[in-house]
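Me: I would like to learn how to read a structure step by step, starting with single residues and then moving on to strands. Could you take me through it?

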Amino acid sequence: QVQLVESGGGLVQPGGSLRLSCAASANIFSTNAMGWYRQAPGKQRVLVAARTSGGSTNDADSVKGRFIISRHSAKNTVYLQMNSLKPEDTAVYYCNVRILMKGDYWGQGPQVTVSS
């Protein structure tokens, strides 16, 4: 049984920064790929950034150079550092891990709002 608990999010002005955390109930990030997704109202959930257990990353064009995934394996935690935020970044952000032979696990999805 794996649970993902997200924290962070909130209201930030354009150009500001936020960091989201995704803490797992087990050591899974060291051996499994993960991704951050977001869903804006009325829109589809899309992949924002992904990272493999080997450290390779795949960022959406809309966030390249602004969003960074990092890990603290000892704490079973992954972070999404969001810099130079834009109003179009406003969405609910979800942490996702896919574990082979088990399936997908999701965080609860905190709201990120970028507005003046």
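Me: Is asparagine 96 buried or exposed?

Reply: This is a predicted model, so the answer is a value computed from its atoms, and the general idea is that a residue counts as buried when its relative accessible area is under 20%. Asparagine 96 has a relative accessible area of 6% and is therefore buried.

Me: Where does asparagine 96 lie, and with which residues is it in contact, leaving aside its neighbours within four places in sequence?

Reply: Asparagine 96 lies in strand S9, residues 91-99, and with those neighbours left aside its contacts are Leu4, Met34, Gly35, Tyr37, Asp104, Tyr105 and Trp106.

Me: How should I read strands that form a sheet?

Reply: Strands of a sheet pair through backbone hydrogen bonds, and the pairing can be parallel or antiparallel. Here four strands form an open sheet in the order S1-S3-S8-S7, with antiparallel pairing. Strands S1 (4-7) and S7 (67-72) stand at the edges and each have a single partner strand, so one side of each is left without a neighbour in the sheet.

How values were computed: Residues are numbered from 1 along each chain as its sequence is written. This is a predicted model: local features need pLDDT of at least 70, side-chain atom pairs count only at pLDDT 80 or more; totals for chains, interfaces and linings use all residues. Side-chain values use heavy atoms; hydrogens and water are left out. Helices (H or I, at least four residues) and strands (E, at least two) are DSSP runs, numbered from the N terminus. Buried means under 20% relative accessible area, exposed over 50%, partly exposed in between (1.4 Å probe, protein chains only). Contact means heavy atoms within 4.5 Å. Two strands pair if DSSP finds at least two bridges between them.
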